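Here is a short walk through one protein model.

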Amino acid sequence: MAIRMPRIMQAKQILRQSKLIANQAMDVPKGYFAVYVGENQKKRFIVPISFLNNPSFQELLSIAEEEFGFNHPMGGLTIPCREEVFIDLTSSLH
């Protein structure tokens, strides 16, 4: 059985490194975080922190890390995928 702690730790590190917490903490409810999604035009989504435990969401975070490292252009966590793909994935996680 694989231990998923490294991916969770990576996700927490991404969130700490982003300016999301410093810049937008006031409009994000406790237990949630903001992500920017889209290929060209970025749209902001507020998602539950519980998504960080989901393997499919962790895969999106890995893609974001490969593309941006810890330098996210929007000042918050940016996920480089189509908005429709993100919505389909997150709607199945609720």
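**A sheet and what packs on it**

β1 is mostly covered, with five of its six residues buried. Buried means under 20% relative accessible area, exposed over 50%, and partly exposed in between (1.4 Å probe, protein chains only). Strands (E, at least two residues) and helices (H or I, at least four) are DSSP runs, numbered from the N terminus.

This is a predicted model: local features need pLDDT of at least 70, side-chain atom pairs count only at pLDDT 80 or more, and totals for chains, interfaces and linings use all residues. Residues are numbered from 1 along each chain as its sequence is written, and side-chain values use heavy atoms, with hydrogens and water left out.

Now the partners of β1. Two strands pair if DSSP finds at least two bridges between them. With β2, β1 pairs in the antiparallel sense over six bridges. Valine 37 has lysine 43 in β2 as its bridge partner. The two strands form a hairpin with five residues between them. In that turn, glycine 38 has a positive phi of about 145°. With β3, β1 pairs in the parallel sense over three bridges. Here valine 35 stands opposite leucine 77 in β3.

Together they make an open sheet of three strands, in the order β2-β1-β3, with mixed pairing. β2 and β3 stand at the edges, each with a single partner strand, so one side of each is left without a neighbour in the sheet. Neighbouring strands are turned by 40° against each other on average, direction ignored. Axes are lines fitted to C-alpha atoms, for helices over the stretch in contact, and angles run from 0 to 180 degrees between N-to-C directions.

Next come the helices. α3 lies across β1, β2 and β3, running at about 100° to β3. α4 packs on the sheet and touches β1, β2 and β3. Its direction makes about 15° with that of β2. Contact means heavy atoms within 4.5 Å.

Leaving aside neighbours within four places in sequence, isoleucine 79 is in contact with residues including Val35, Phe57, Leu60 and Phe86.
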